[in-house]
Amino acid sequence: MSSLNKGLEKVEVTLKWDPSPMGEPDHDLDIVAATYTADAPYGDPDYLVHFDSRSPDGTITLNRDSKTGQGFGSDEVMTLELDRLAETYVRVVVGVAIQQGEGRKTFGQIENTAVHIREGYEELSESDLTGVESATAATVAEFARGESGEWHLKTVLRGYEGTPEEFTAHMGLPEQRQA
């Protein structure tokens, strides 16, 4: 657990949702994290972490990946060890994207979505994504490194239209279009 002067150290982002109704195509949501360096804090991400990947240094890991929303508890879990990230990284933006393989789906079509951000037992942020019901992807959090090296959370809920690939190209921009 972090103290007030140290900032955030190790956080967990969890995502859950209800499976699609019987006979309907599966709902497949994904947590995505994008890292940004001091040289390009709002440019292209230095790297992305999503299903089937992790950060090159092992500081950001997707521990659980669901393609259906079936199961107990959280369907997707991502751990971010912010205190271990190299000093060159100044921002980490986290979002949720809906895979669009079976036709266009929005958050409003998926029941009981929930995103939680915690450090240890402390709940830092919670969202049910109702503010972005017409979106196919959304930014849910931004972690930024302060001048003395401590990490802070800025809760951000911004919706996007388009594919997951288009989302990852735009999720870290300072001015983002609302869906």
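Trainee: What share of the contacts in the chain with a separation of 6 or more comes from residues 24 or more positions apart?
Mentor: The model is a predicted one. A contact here means heavy atoms within 4.5 Å. Among contacts with a separation of 6 or more, residues 24 or more positions apart account for 64%.

Trainee: How many of the residues of strand 9 are buried?
Mentor: Buried means under 20% relative accessible area, and 49% of the 179 residues in the chain are buried. Strand 9 covers residues 137-145 and is largely enclosed by the rest of the structure, because the buried residues among its nine number eight.

Trainee: Which residue of strand 9 stands opposite V93?
Mentor: Strand 6, residues 89-98, pairs with strand 9 in the antiparallel sense over seven bridges. V93 lies opposite a residue of strand 9, namely E142.

Trainee: Which residue in the turn between strand 9 and strand 10 has a positive phi?
Mentor: Strand 9 and strand 10 form a hairpin, with five residues between them. In that turn, a positive phi of about 95° belongs to G149.

Trainee: What percentage of the accessible surface belongs to carbon and sulfur atoms?
Mentor: The accessible surface of the chain is about 9,100 Å². The part that belongs to carbon and sulfur atoms is 47%.

Notes. Residues are numbered from 1 along each chain as its sequence is written. This is a predicted model: local features need pLDDT of at least 70, side-chain atom pairs count only at pLDDT 80 or more; totals for chains, interfaces and linings use all residues. Side-chain values use heavy atoms; hydrogens and water are left out. Buried means under 20% relative accessible area, exposed over 50%, partly exposed in between (1.4 Å probe, protein chains only). Accessible areas come from the Shrake-Rupley method with a 1.4 Å probe; for residues, only the protein chains shown count as cover. Helices (H or I, at least four residues) and strands (E, at least two) are DSSP runs, numbered from the N terminus. Two strands pair if DSSP finds at least two bridges between them.
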